[in-house]
Amino acid sequence: MLKYLSFITLLLSTYSHSISASSLRISAEELSTLNSSEEIVLLDVRNKNDYEVGHIKNAISFPVALTYYDKKVNGKIQKPQLMQKYLKERGIDTQSRIIIYDEGGIVSAARVFWALEVYGLTKVQILDRGYKYWRYKNLETSQIIPKIKPSQYIVKINHKRLASKFATQLATHNKNKVVIDARSLPAYQGKVSVAKRFGHIPSAISVPFEENIIENSEFESLKPLSELQDLYADVPTGKKVIIYCKIGLVSTTNYFALRELGYDVANYDASWREWGNDDSLPIEK
Amino acid sequence: MWQRLSIRTQLMLLMFFLLTFVGIGTLGLVNWFDIKERQTIATEQADTLGRSLNNDLLSALINTNADGLSDITFRIEGFKSVDAIQLFNNKGEAIFSYGNEMYIRDDIYKKLKIDVPHFDKTGRLFIRHPVSADEYVYGSAIIVINPEQYNTRVKENFITLLLIFPIEIFIGMLVAWRISLRYSKPFETIAQAMQENDIEKNQFKSVETTFKNEIGLLFSGYNKMISKIIKTTKVLRYQSHHDSLTGLYNRFAIEKEIDETLKNENYKSNVLINLDLDQFKTVNDTVGHIAGDELLQMVAHTLKQSLTGNTDIARVGGDDFFILLKNTTEQQGIDIAEKLLKELRDFRFVWLSDTLSISASIGMVVFKPFEYTLTDLIKSADIAFYNAKAKGQNKLHIYDENDKDEKQLSSEIQIAGYIKEALNGGPSRFELYAQDIVPLQRETDKVSYEILIRMFDSNGNFLSPDHFLPVAERYQLMIDIDKYVLTSYLKTIKENPQHLKKLESVHINLAGGTLNQIEFQNCVKEAIELYDFPWESLELEVTETSSIGNLVHAQEFIKFCQQHGIGFALDDFGTGMSSFEYLKNLPFDIVKIDGSFVRDMLSDPVDHAMIRYTHEISKLRNQETVAEYVETKDDVEELRKIGITYGQGYYLGKPRPLAEWI
């Protein structure tokens, strides 16, 4: 009996999950009509100066740079102690509903989206077409920095969203896992490299980051879901995906697109900067 | 409610409750053991987990980075039973969590002591495990384990037990049913036997069993009881149907027989005889009840001897017998009845030195099936009997519809009843009155009177002598009344002896046959011995009409009386067929001239002459005369002139209660 019940619960949760998969983006119009009493944490991921000049009312500053452990070395995610501090300060908890926005290029917002998911948050969305479009629409902005009540956040890791070197290594041998290279095609083909070695991780397929983006438009944004489905048509649903790029930044855009499509995806944050420089690891050209 | 249920149902229910109780108890116990086992496993696993994760947690504490925590998370996820883990540094700050924080949020779990397991309401284990290296503790981790995740053998067995439970109940009920069948059967057998017992027909069932225990005792006890009941019922039935004195049927039994005969269409004609002894009371009174009983037994014997065939004989009370002749015609009935009358008339009842002859009166009803109801038939037999009795003794009367002088008969019966009551001390009663008899030829300061009897029924209503005396005559009660008057008067005088000083003469009336009766003669003889009374003052009055003939047979007694000075008066002289011859031959001292002559003597010379002659003849025989019905002063004057000795009538004095004379 209990088994049946849990099975039904599972079905229901799967269903609700599939719904959330398609609603990871929120439009400006939708956000503006959201009831202010709803407990939403708006995160402005642009740099501090831009935030101070003006931001969506009640938004909190969370510059994308905070998600890097050491951006100079590679895209590795911020250390737990600091992340715990940042999230506590901003009153964020694993159960908080988060809406992230950047200027509009999606890349920064996607990076923060990934980082928050890794640190255990489950209700995170991105404002479609960003602040630029918000301004264009003349929606309400502010310079007031809201007061925040710190949260009780304790570090929690969703290991399914974070791929280490070891996990990526395992994936190259596992037919049930797909490794996606988000770098440009020349980088994939070994013609250019940010590391000392050229090529790509064995078994990886190439889906360059740019292909997720509508570029020739006044407002940069992620492609609509239908186009994204075509883009990832070769990736069988149900397979686990590991995504990487040069430093684990732009790959988060692919990551976000795949999340919207409902894939179980992890970002290899150290990316080619680490793999390409480690002679002990195999590469392909 | 419970008492209403049959033994079988009770047993089944008890079994059901017992099985359910044991079943649930077992399941509960098993479940409890299961929980304990899970807790033990959980504690052990928490310990194992804590130790195996020790190094990882240590590195998470000292050298924190996301990859490391990711690996730890990945590893912990392998333990399905771990619901949550929270890692604390030395300062007690939480720096890492796994799973649902909900379980750890509550401060109470942060206060957990190292390695002391705690189980919360949901059954989850909370344990704080130290994170240490080289005997130095760097921090601690609270591990939350859900023991439900373990597959224990008990859990599998529990399901089996749960499945077995209804089967167990079913088998239990089946066994209970079989057992209850065995143990309720004897009770049902007895109950059924009791139901089938027919007390009316004295048919009782006995029961049998192979049990030798309490049930065997119950059965043999029941059988003993039944055989006793059968015996007792036989005796009771005989007693309830028979008269204990004569062994004949009693009223109940004969009525049942009569009723059945009335409904039997095979018998075209039947006869019911109501037979009553004429002299039973006399026998009872003169020679006693024992003799009376003996007489009844002998009569019963005689009836049994002479009646054979399809005949039922019953004594229905006193000396009253019913004889039912089934399938008998009227003529056969008459023959039988007359034969009975003859046999009883020939019968001589000898008791000690007395020999009494008896006779009977018979009322007879001839009836067809369904012609009467039982009640009507018996009533008709009674009416026929009273009609026979009314004819006199030793008579047969066959009931005829024209007999229906029921009211009269029944009122006579009623009056006869009153008389018997009055004789036996109430509530109906007699009262003695006295009327003046006044000397006409001389003056005296003494009194003379005639004793008269008056009667009052139980309600105090006055009953005229004209009413009750004929009835008393018919029911042969006159002798008793005469005895009663004589003895009552004597008793009154004995209590008031001073009255004798002014008493000159007292007249007491006797009925026609009384003087002849030995019973009365004995009564007088006893009285003479018993009472100190001036017997020469007593005059016994005998009516001319009914008693002249009887006096001839009582000469001896009359002589005896005369020897003691008791005089005799001839009452109502002139009314009957009597002649002056009687005055000459019979031993009367006084002649009472009937009132009818006195009433008209002043206008009718014949009456006047009659009075005069009577006086003259009486005078010649030295007899005194009394004129009745003296109503006026002129009457008195005339009678005195004629020479009549005494006058009696309203003018001279109305009857007054004797008590007023005393």
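**Reading strands, cores and buried residues**

Reply: Start with paired strands. Strand 20 (residues 590-593) of chain B runs parallel to strand 21 (residues 624-627) of chain B, and four bridges join the two. Keep in mind that this is a predicted model.

Me: Which residue of strand 21 of chain B stands opposite B:Ile590?

Reply: Look for B:Glu624. As a general idea, strands of a sheet pair through backbone hydrogen bonds, either parallel or antiparallel.

Me: How many bridges link strand 21 of chain B to strand 22 of chain B?

Reply: Two bridges, again in the parallel sense, pair strand 21 with strand 22 (residues 646-647) of chain B. B:Val626 has B:Tyr646 in strand 22 of chain B as its bridge partner. Between strands 21 and 22 of chain B the chain passes through helix 22 (residues 633-642), and this β-α-β crossover is right-handed.

Me: Where in chain B can I look for antiparallel pairing?

Reply: Go to an open sheet of five strands in chain B, with the order 2-1-5-4-3. Strand 2 (94-99) and strand 3 (118-119) of chain B each have a single partner strand, so one side of each lacks a neighbour in the sheet. Inside that order, strand 4 (residues 125-133) and strand 5 (residues 136-145) of chain B pair in the antiparallel sense over nine bridges. B:Arg128 stands opposite B:Ile142 of strand 5 there.

Me: How do side chains sit along a strand?

Reply: In a regular strand they alternate between the two faces of the sheet.

Me: What is the secondary structure of chain B as a whole?

Reply: Chain B has 23 helices and 23 strands. It has 662 residues, and 47% of them count as buried. Now take contacts between residues at least 6 apart in sequence: in chain B, 67% of these join residues at least 24 apart.

Me: Which residues have the most contacts inside the largest nonpolar core?

Reply: Find A:Ile100, A:Leu116 and A:Tyr119 in this core of 82 residues. Helix 5 (residues 107-118) of chain A gives the largest share, nine residues. A second, separate core has 71 residues, among them B:Leu515, B:Phe568, B:Leu586 and B:Phe597.

Me: What is A:Ile100 in contact with?

Reply: Leave aside neighbours within four places in sequence. The contacts of A:Ile100 then include A:Leu43, A:Val45, A:Phe113, A:Leu116 and A:Ile126.

Me: How do I read a helix?

Reply: An α-helix has 3.6 residues a turn, so residues three or four places apart point the same way. Then check burial. In helix 10 (residues 251-260) of chain A, ten of the ten residues are buried, so this helix is largely enclosed by the rest of the structure. The buried residues include A:Tyr255, A:Phe256, A:Arg259 and A:Glu260. After helix 10 of chain A comes A:Gly262, with a positive phi near 95°.

Me: Is A:His200 buried or exposed?

Reply: A:His200 is buried, because its relative accessible area is 4% and the cut-off for buried is under 20%. This residue lies in the loop between helix 8 (185-188) and strand 10 (205-206) of chain A. The side chain of A:His200 reaches the backbone oxygen of A:Tyr188 at 2.7 Å. Not counting residues up to four places away in sequence, A:His200 also touches others, including A:Asp181, A:Tyr244, A:Trp272 and A:Glu284.

Me: Where is B:His499?

Reply: Look in the loop between helix 15 (478-495) and strand 17 (503-510) of chain B. B:His499 counts as buried, at 1% relative accessibility. A polar contact of 2.7 Å joins its side chain to that of B:Tyr449. Beyond four places in sequence, the contacts of B:His499 include B:Val447, B:Trp661 and B:Ile662.

Me: Why does B:Asn394 count as buried?

Reply: Its relative accessibility is 18%, and buried means under 20%. B:Asn394 sits in the loop between helix 12 (374-391) and strand 12 (396-398) of chain B. B:Arg345 is 49 residues apart from B:Asn394 along the chain, yet their C-alpha atoms are separated by 7.6 Å. B:Asn394 touches B:Arg345, and among its other contacts are B:Asp278, B:Leu341 and B:Ser359.

Conventions
Residues numbered from 1 in each chain as written. Chains lettered and ligands numbered in written order. Predicted model: local features only at pLDDT ≥ 70, side-chain atom pairs only at ≥ 80, totals over all residues. Heavy atoms only, no water. Pairing = 2+ DSSP bridges. Right-handed = clockwise from strand over helix to strand, strands pointing away. Buried < 20%, exposed > 50% of the residue type's maximum accessible area, 1.4 Å probe, protein only. Polar contact = N/O pair within 3.5 Å; in protein donor to acceptor, adjacent residues only side chain to side chain. Contact = heavy atoms within 4.5 Å. Core = buried A, V, L, I, M, F, W, Y, C linked by side-chain atoms within 4.5 Å.
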